[in-house]
Amino acid sequence: MKQTAKKAIFLVRDILELYIPVVAFVGLFSVFVLQVFFRYILRNPQSWATEVTAACFLWTVLLGACYAQRKKSHVMFTLVYDMLSVKWKAFTAFLGNLIIAAAFAISVKPTWDFILFMKVQKTSILKIGMHLIYLPYIVFLILMLIYTIADLYADFMTFTGLGGKKFEEKLIEESIPDYQKAIDDAIKGEEGIE
């Protein structure tokens, strides 16, 4: 039973963070190309295309950002952070994540109220409820809050030393930039060939 529930949660997470953004991006791209065709080839621009591309853009960016947070692949400027010891890295990450978690937690209720308020408004051309356009923002807030709380826990366990070497090794592994991992993999691949 536990395994089935875990698989269901992971499936829902993948649907929200991967599949919906991919479908939204394909929709965005398709409608954009269609709009270019109608505007410049047929000389008949379609006004509904702007609404669709804007909505698809919101869904793609907000839900895709959750996936990037899960994979820890957001762009970070770590010039000072990289010079710190593991415990100080964890402490500074903890402080940053604490600020983010507080901001997201405070904004959940007002965001939900705003989305419910927008239920009465419709888009001007397609008459889609504006609450549907803004819905991914509340999903974004909740998922990012969950990921940030998990990071807070890991950072706390690392800088206090309560987590042992396991948490320190995980932070060290996450601190290695992607380009360095690619270089290391290429070197390992070359060593395997020789």
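Which residues make the nonpolar surface patch of about 1,100 Å²? Select Val-22, Phe-25, Val-26, Phe-29, Phe-32, Val-33, Leu-34, Val-36, Phe-37, Tyr-40, Ile-41 and Leu-42, which make this patch. Patch residues have over 30% relative accessible area and no salt bridge, with nonpolar side chains joined within 5 Å; a salt bridge places a side-chain nitrogen of Lys or Arg within 4 Å of a carboxyl oxygen of Asp or Glu.

The model is predicted: local features need pLDDT of at least 70, side-chain atom pairs pLDDT 80 or more, and totals for chains, interfaces and linings use all residues. Residues are numbered from 1 along each chain, and side-chain values use heavy atoms, without hydrogens and water.

Next, centre on Leu-42, in the loop between α1 (2-41) and α2 (48-70); helices are DSSP runs (H or I) of at least four residues. Leu-42 is partly exposed, with a relative accessible area of 44% (buried is under 20%, exposed over 50%, partly exposed in between, with a 1.4 Å probe and protein chains only).

Then turn to the aromatic rings, which form eleven pairs (centres within 6.5 Å; planes under 30 degrees apart are stacked, over 60 edge-to-face, the rest tilted). Select Phe-114 and Tyr-134, a tilted pair with 5.9 Å between centres and 55 degrees between planes. Phe-114 lies in helix α3 (residues 86-117) and Tyr-134 in helix α4 (residues 130-160), 20 residues apart. Ring pairs also link Trp-88, Phe-91, Phe-94, Phe-156 and Phe-159 into a cluster.

Finally, select Thr-158 in helix α4. Thr-158 is buried at 2% relative accessibility. Its contacts (heavy atoms within 4.5 Å) include Val-86, Phe-167 and Leu-171, leaving aside residues up to four places away in sequence.

Note on methods
Patch = residues over 30% accessible without salt bridge, like charges linked within 9 Å, V, L, I, M, F, W, Y side chains within 5 Å. Areas by Shrake-Rupley, 256 points an atom, 1.4 Å probe, with all protein chains shown as cover. Helix = DSSP H or I, 4+ residues; strand = E, 2+ residues; numbered from the N terminus. Phe/Tyr/Trp six-rings, centres within 6.5 Å; stacked < 30°, edge-to-face > 60°.
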